[in-house]
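Please read the following report beside the sequence and the structure. It takes up ring contacts and charged pairs in turn.

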Amino acid sequence: MATGRLGLGETLGALNAALGQGGPLWFKETRARHLRARDFLAPRRALQARFGDQQVPEPVVTAVAGLQGPGVAPVLRCAPTPAGLALQLRRPAVFERVLSSVAAYAAPAAYAAPGPHVVLHCAALRSAPCTLRLSQLRAVLVADHLARALRARGVTVRLVPAARDPHMRTFLQQLRVEWPAASKRAATEAMRSRALAEHTSAHDGEVLPPGILGRVCLKELVEKQGRSAGYDPNLDSCLGRTWSLAGPGRRWRPLHSPPASTSVFAVTEDLLSLLAELQEAVQNWPEDSSSGVAGTPDPGTDSCIVVHVVSCEEEFQQQKLDLLWCKLDDQAPLRQKHLVCGPVKVAGGPGTLTAPEYYELRLAQVCKASALKHGGDLAQDPAWTEIFGILSVATIKFEMLSTAPQSQLLLTLADSSVSTKGTKSGTFVMYNCARLATLFESYNHSMEQGLYPTFPPVSSLDFSLLQDEGEWLLLFNSILPFPDMLSQTAALAYTAPGLHITAHTEMVCKFLVQLSMDFSSYYNRVHILGEPRPHLFGQMFARLQLLRAVREVLHAGLAMLGLPPLNRI
């Protein structure tokens with residue numbers, strides 16, 4: 001690799017190549033009890049399938065033990081064991097390579113080849129916040145997180161629709177969701193003319209309901225591409241009813257049923273505005289939109305993909321909009337994908353809980369827990385008010401994003417969800433973030449008092465002093481894999497056939513929870529800032545550099561969620 005960064009993908013690729021032709025056999029160990037003896041394993045049964053009942057040829061074992069190459073971690077030994085072919089890395093050398101360039105491991109690898117421009121459309125943001133359902137809130141948070149992950153990899157992203165409702169903008173700011181504010185409305189004249197030209201002749205001369213410009217027949221598109229692309233098979237029959245955006249929250253509401261033999265769609269001014277905004281986002285990219293990735297193709301519909309992030313309740317209507325867009329706009333992108341978020345259920349709570357009510361509940365619980373811990377009414381202190389808001393949002397985002405977006409999500413509203421003692425919550429992650437801040441504040445304070453020397457150059461540190469199994473666990477399971485994990489979060493199967501697309505937006509939350517658990521276990525067991533004796537400083541500085549890397553990775557992961565690090569909690 002050009003950066004000299006070690007990579008798990010590169011290491012596994014080299015290990016599998018050394019075994020000859022065939023599928024991948026090696027896997028990375030993650031459990032502490034296995035890492036005491038090995039870092040990678042090629043299982044015995046898989047080797048028998050490759051080489052027969054005979055042992056792995058000695059030249060192959062020798063080749064594996066001598067592996068070198070860009071991004072490949074240095075190997076200490078490779079030997080047959082009852083479990084299979086076990087490999088252990090030269091751990092002091094890996095510690096030195098990684099901890100000497102911490103910043104390189106706190107960011108994902110950029111795309112090697114130009115990627116597409118991505119328009120992320122979140123239909124839920126056309127609702128008023130007071131009517132925003134929990135499933136729609138989930139879609140908003142998934143879209144925001146996915147946009148951050150894509151941009152971190154150098155992908156150019158545009159977000160649609162702009163948040164025009166001032167109450168929605170305020171609510172998004174509370175949630176620390178970065179979304180464009182109101183912009184001038186896209187021109188709808190071209191689409192209006194096309195819609196009127198496509199107005200089905202079966203209704204010529206009919207008096208249309210107020211607000212309806214005309215009806216467009218989508219039956220041809222349904223038959224041409226709907227079923228083969230993965231559109232709902234009931235879409236054709238349901239198009240026999242006409243729909244319009246109307247009423248509070250701009251929900252889809254049926255108008256009336258035309259003859260059953262027709263498949264038509266009512267076109268309203270609001271609907272044209274929606275499609276025009278998508279059209280404008282696809283066709284008019286900022287001038288610097290290709291600055292993220294070298295060699296990015298010119299923006300346009302051919303190099304653009306539209307991802308509609310929708311709740312499961314909104315997907316059916318979004319499929320109709322896709323077809324209508326294709327009908328009214330010859331330049332509509334050919335690649336439109338649906339990222340459908342599963343339903344959100346509340347255990348033992350009201351099924352009608354709205355997103356603002358959910359936020360206020362979590363905020364009240366955080367304030368209550370802090371009052372019990374610290375005493376007094378800290379909610380009156382502006383500094384603590386901001387901390388309480390961050391903790392509430394962290395709780396919500398970890399709850400909403402820790403489950404794969406396609407799966408059903410079950411929420412528990414109990415006070416225990418905001419406790420620092422629970423190891424699965426966002427509060428627990430923020431608590432350990434604050435513990436790291438306190439550790440380095442304590443070191444700096446002691447250094448100013450003359451108890452500890454200033455931090456030496458990293459090149460002078462002796463990383464062979466890092467021999468605790470918890471230290472290798474932090475580096476091998478958290479710091480080293482972090483760039484690959486971020487890349488997987490932003491990996492979308494753009495070119496896969498079908499309408500639907502999956503995303504791995506749960507990976508960052510799960511990663512940060514596991515990192516926090518490993519750090520907490522290590523920090524509770526190992527005394528980092530020891531007695532101020534010169535012969536202990538070497539190990540102390542090596543450990544502090546390791547925890548610097550943990551802090552950088554933790555902060556980078558939180559940034560992918562729009563969460564700032566906390567210094568106290």
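Predicted model: local features only at pLDDT ≥ 70, side-chain atom pairs only at ≥ 80, totals over all residues.

## Rings and charges

The charged end of R551 lies over the ring of F440, at 4.3 Å from the ring centre, where "over a ring" requires NZ of Lys or CZ of Arg within 6 Å of the ring centre and within 35 degrees of the ring normal.

Residues are numbered from 1 along each chain as its sequence is written, and side-chain values use heavy atoms, with hydrogens and water left out.

The aromatic pairs number 13, a pair being two rings of Phe, Tyr or Trp (its six-membered ring) with centres within 6.5 Å, called stacked when the planes are under 30 degrees apart, edge-to-face when over 60 and tilted for the rest. Y443 and F541 have ring centres 6.2 Å apart and planes at 85 degrees, so they are edge-to-face. Because Y443 belongs to helix α15 (residues 426-448) and F541 to helix α19 (residues 534-559), this pair ties together parts 98 residues apart in sequence; helices here are DSSP runs of H or I with at least four residues, numbered from the N terminus. F455 and F541 are also edge-to-face, since their ring centres are 5.1 Å apart and their planes at 75 degrees. F541 is buried at a relative accessible area of 5%, and F455 also counts as buried, at 17%; buried means under 20% relative accessible area, exposed over 50% and partly exposed in between, with a 1.4 Å probe and protein chains only. Ring pairs link Y443, Y452, F455, F537 and F541 into a cluster.

The salt bridges number 14, each being a side-chain nitrogen of Lys or Arg within 4 Å of a carboxyl oxygen of Asp or Glu.

E469 is partly exposed, with a relative accessible area of 41%, and R36 is exposed, at 54%. By contrast, R126 and E277 are both buried, as are E399 and R362. Salt bridges that share partners also join D144, R148, E178 and K397 into one network.

Methods. Helix = DSSP H or I, 4+ residues; strand = E, 2+ residues; numbered from the N terminus.
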